[in-house]
Amino acid sequence: MQLFHISHLNYHYGSEEILHDINLEYDNQDFLAIIGPNGGGKSTLMKIILSLLPTKNAIFLDHIQQKDMGYVPQNTLANPNFPIRVLDVVLMGLIDQKIWGFYTKKDKQKALQILQKVGMQDYWDKRIDTLSGGQRQRVFIARALVSKSKLMLLDEPTASLDSKSAIQIYELLNALHSEGVGIITICHDINLVLAYADKIAYLNKQLFLHENTKEQSKTDFLKHLENHHHHFCSVEMSLKECHCERHEHG
């Protein structure tokens with residue numbers, strides 16, 4: 001189902017052109033990754049899709065409203081040491097539904113169910129600042145999901161994460177996508193992009209859309225690294241080779 005399309009979009013900050021003649025259609029069957037250099041307009045485009053930045057009728061949404069879109073920004077906590085529980089972070093996704101300023105028992109049950117979905121149910125009473133980077137990202141994804149998002153937009157969800165945590169996040173996003181949730185993510189790691197994305201948009205003021213014929217072997221290899229190796233990094237991911245496979249086939 002097509003959720004939106006953008007036609008001939010131009011966007012400026014003052015006199016500086018950020019986006020030039022952007023054309024993009026998005027269907028929730030596509031796992032879309034946006035790549036490109038810093039300053040190329042990736043975050044700006046995402047904020048425009050979310051209606052956080054004004055445009056003049058450049059985007060036409062079908063079958064979806066702003067409340068149906070979940071957003072995971074790159075910087076998820078202004079103060080990472082703020083003493084807030086995991087459950088309370090997820091409940092923030094329901095803040096517009098509070099009754100008389102309070103969350104209901106049903107709201108809390110919904111938040112716990114979503115935490116289970118992202119594999120964080122055992123951490124519901126932990127402080128968010130005690131979690132690892134990958135665990136925090138799962139919690140923030142849960143916060144975006146709790147309001148039953150049809151489309152999730154993520155701005156560098158694996159920034160500053162190690163390779164193992166990054167693969168776990170993309171495995172989670174892939175599972176959500178298989179359940180019908182649209183996924184649009186900004187990512188700089190081409191290994192993850194090639195393994196999981198159906199379409200890849202290269203954006204540097206102008207947008208060029210590429211179809212990605214995902215290699216199942218690459219996805220399987222990343223899962224192998226995540227499941228069987230204590231250490232791996234972008235070297236193994238890029239070469240698609242690890243010590244145990246060299247030993248087996250050598």
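Contact means that heavy atoms lie within 4.5 Å. In this predicted model, local features need pLDDT of at least 70 and side-chain atom pairs count only at pLDDT 80 or more, while totals for chains, interfaces and linings use all residues. Residues are numbered from 1 along each chain as its sequence is written, and side-chain values use heavy atoms, with hydrogens and water left out.

**Helices on the sheet**
- Helix α4 lies across β5 and β6 (151-155), at about 160° to β5 (angles run from 0 to 180 degrees between N-to-C directions, with axes fitted to C-alpha atoms, for helices over the stretch in contact).
- Helix α5 (residues 163-178) packs on the sheet and touches β3, β6 and β7, and its direction makes about 150° with that of β7.
- Helices (H or I, at least four residues) and strands (E, at least two) are DSSP runs, numbered from the N terminus.

**The sheet**
- Six strands form an open sheet in the order β5-β6-β7-β3-β8-β9, with mixed pairing (two strands pair if DSSP finds at least two bridges between them).
- The edge strands, β5 and β9 (206-211), each pair on one side only.
- Strands β3 (residues 31-35) and β7 (residues 182-186) run parallel and are joined by four bridges.
- Phe31 has Ile183 as its bridge partner in β7.

**The largest pocket**
- A pocket is an open set of points on a 1 Å grid where a 1.4 Å probe fits, with protein on both sides within 12 Å along at least five of seven lines; lining residues have an atom within 4 Å of a point.
- The lining of the largest pocket has 19 residues, and Met69, Gly70, Gly93, Asp96 and Ser147 lie nearest its centre.
- β5 gives the most to this lining, with three residues.
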